[in-house]
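Hi,

Here is the model I said I would pass on. Have a look at it first, and my notes on what turned up follow below.

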Amino acid sequence: MFECPAAPQSNILCFRVKGSDALQLDVRDRLIAKGDFYLSTTEFAGLRYLHLVFNHPDTRLDDIKRLIEEIRQFVNQD
């Protein structure tokens, strides 16, 4: 369901949900509208990717699992 163009080298992760560039933008917009997570997007090798930066020192694995679950719910609703 998820694809990464390269292994992360720092606190930045670029990934995409398998699907169109429009789907990446829709997932980002839905997450931002819900208010629990903030992602941006970037373009790499001609494809749109979700762009996540881990900055807050209190970010835990459970937070990331919750983000993944929300993305899955958005994608499975359509």
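This is a predicted model: local features need pLDDT of at least 70, side-chain atom pairs count only at pLDDT 80 or more; totals for chains, interfaces and linings use all residues.

Let's start at Ala45, which is in the loop between strand 3 and strand 4. Local features need pLDDT of at least 70, side-chain atom pairs count only at pLDDT 80 or more, totals for chains, interfaces and linings use all residues, and side-chain values use heavy atoms, with hydrogens and water left out.

Back to the turn. Strand 3 and strand 4 make a hairpin with two residues between them. The phi of Ala45 is near 50 degrees, a positive value in a residue other than glycine. Most residues other than glycine have a negative phi. Ala45 is also exposed, at a relative accessible area of 71%; the cut-offs are under 20% for buried, over 50% for exposed and partly exposed in between, with a 1.4 Å probe and protein chains only.

- Strand 1 and strand 2 are joined by two bridges, and Glu3 has Arg16 as its bridge partner in strand 2.
- Strand 2 (residues 12–17) and strand 4 share four bridges, and Cys14 has His51 as its partner in strand 4.

What do the aromatic rings do? There are two aromatic pairs in the structure. One of them is Phe44 with Tyr49, edge-to-face at 6.3 Å centre to centre and 70 degrees between the planes. The rule is that rings of Phe, Tyr and Trp (its six-membered ring) pair if their centres lie within 6.5 Å, with planes under 30 degrees apart stacked, over 60 edge-to-face and the rest tilted. Tyr49 is buried, with a relative accessible area of 8%, whereas Phe44 is partly exposed at 45%. Arg16 turns up again here, lying over the face of Tyr49 at 5.5 Å from the ring centre (the test is NZ of Lys or CZ of Arg within 6 Å of the ring centre and within 35 degrees of the ring normal).

Last, the largest pocket, with about 240 Å³ of space. A pocket is an open set of points on a 1 Å grid over the protein atoms alone where a 1.4 Å probe fits, with protein on both sides within 12 Å along at least five of seven lines; lining residues have an atom within 4 Å of a point. Helix 2 (61–77) and strand 4 (47–53) each supply at least two lining residues, and helix 2 gives the most, with four. Among the lining residues are Phe37, Tyr38, His56, Asp63 and Arg66.

Cheers

Key: Residues are numbered from 1 along each chain as its sequence is written. Grid points are joined across faces, edges and corners, and a volume is the space filled by probe spheres set on the points. Two strands pair if DSSP finds at least two bridges between them.
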